[in-house]
Amino acid sequence: MVTKAANANASAASEKQKAAVFIGCVARSLELVRGMRAQQELELQPHRGLGLATPGTVDLKHGVLIFAPNLHWHEVPFREIFAKATKLKVFVENDANAAAWGEYWAGAGKGVSDLVMFTLGTGVGGGVISDGR
């Protein structure tokens, strides 16, 4: 019985830590967005939207992170969270796909119609662009 109770306490503590990390990530991200918006107001260049990239499986239509195995995040409504906080149109994409699009538009893939990108970091991912799509 002691082992089960200890495991339950450790699990509860672990869940609290995961929640604290998640809340900290969202709070810091919103702080950065607010700072960029304040700078944009000084430059008189209105932002039209916000792109958010996250590791894991993303429901693109609804802007929901379904699951990020390396972060242990499930069913996170990123579009809703950030749209409410910023009043901007929010686009949510898988981070590896977003990286591939970034390279295609402005990086090593600029000017090509086909691109394959592999990302290695806290996880392994990749994005493919074929015929510009």
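Which residue forms a salt bridge with Arg-28, and how far apart are the closest N and O atoms? The partner is Glu-31, and the closest N and O atoms lie 2.7 Å apart. The model described here is a predicted one.

## Overall make-up

The protein contains 3 helices and 7 strands. Read from the N terminus, the order of the elements is α-β-β-β-β-α-β-α-β-β. Of the 133 residues in the protein, 23% are buried.

## Salt bridges

Searching the whole structure gives 2 salt bridges. In the pair of Glu-31 and Arg-28, the two residues are 3 positions apart in helix α1, so about one helical turn separates them. Arg-28 has a relative accessibility of 43% and therefore counts as partly exposed.

The side chains of Glu-80 and Lys-84 also meet in a salt bridge, with 3.4 Å from N to O. Both of these residues belong to helix α2, which covers residues 78–86, and they are 4 residues apart, or about one turn of the helix. Glu-80 is partly exposed, with a relative accessible area of 44%. Lys-84, at 58% relative accessibility, counts as exposed.

## Aromatic pairs

How many aromatic pairs does a search of the whole structure find? The search finds 6. A pair of aromatic rings is described by the distance of the centres and the angle of the planes.

Phe-22 and Trp-73 are both buried.

Another pair joins Trp-101 and Tyr-104: the ring centres are 5.4 Å apart and the planes stand at 85°, so the pair is edge-to-face. Trp-101 and Tyr-104 both sit in helix α3 (residues 95–106), 3 residues apart, which is about one turn of the helix. Is Tyr-104 buried or exposed? Tyr-104 is buried, because its relative accessible area of 18% falls under the cut-off of 20%. Trp-101, with a relative accessible area of 24%, is partly exposed.

Ring pairs also link Phe-22, Trp-73, Phe-78 and Phe-82 into a cluster.

Ala-19 is another residue of helix α1. The C-alpha atoms of Ala-19 and Trp-73 are 8.9 Å apart in space, while the two residues are 54 apart in sequence. Ala-19 is partly exposed, at a relative accessible area of 37%.

Ser-29 also has its place in helix α1. Between the C-alpha atoms of Ser-29 and Leu-52 the separation is 9.5 Å, and these residues are 23 apart along the chain. Ser-29 is partly exposed, with a relative accessible area of 29%.

## Accessibility of selected residues

The table collects values for some of the residues discussed above.

| Residue | Relative accessible area | Class |
|---|---|---|
| Ala-19 | 37% | partly exposed |
| Arg-28 | 43% | partly exposed |
| Ser-29 | 29% | partly exposed |
| Glu-80 | 44% | partly exposed |
| Lys-84 | 58% | exposed |
| Trp-101 | 24% | partly exposed |
| Tyr-104 | 18% | buried |

## A nonpolar surface patch

Which residues form a nonpolar patch on the surface? The patch consists of Val-116, Phe-118 and Val-128, and together they have about 360 Å² of accessible area. Phe-118 is located in strand β6, which spans residues 115–120. With 68% relative accessibility, Phe-118 lies over the cut-off of 50% and so counts as exposed.

## The largest pocket

The largest pocket holds about 220 Å³ of space. Its lining is made up of 15 residues, and those nearest the centre of the pocket are Pro-55, Asp-95, Gly-123, Val-124 and Gly-125. The elements α3, β6 and β7 (124–129) each give two or more residues to the lining of this pocket. Which element supplies the largest share of the lining? That element is β7, with 3 residues.

How values were computed
Residues numbered from 1 in each chain as written. Predicted model: local features only at pLDDT ≥ 70, side-chain atom pairs only at ≥ 80, totals over all residues. Heavy atoms only, no water. Phe/Tyr/Trp six-rings, centres within 6.5 Å; stacked < 30°, edge-to-face > 60°. Buried < 20%, exposed > 50% of the residue type's maximum accessible area, 1.4 Å probe, protein only. Patch = residues over 30% accessible without salt bridge, like charges linked within 9 Å, V, L, I, M, F, W, Y side chains within 5 Å. Areas by Shrake-Rupley, 256 points an atom, 1.4 Å probe, with all protein chains shown as cover. Salt bridge = Lys/Arg side-chain N within 4 Å of Asp/Glu carboxyl O. 1 Å grid on protein atoms, 1.4 Å probe; cavity = no way out; pocket = protein on both sides within 12 Å on 5 of 7 lines; lining within 4 Å. Points joined across faces, edges and corners; volume = space filled by probe spheres on them.
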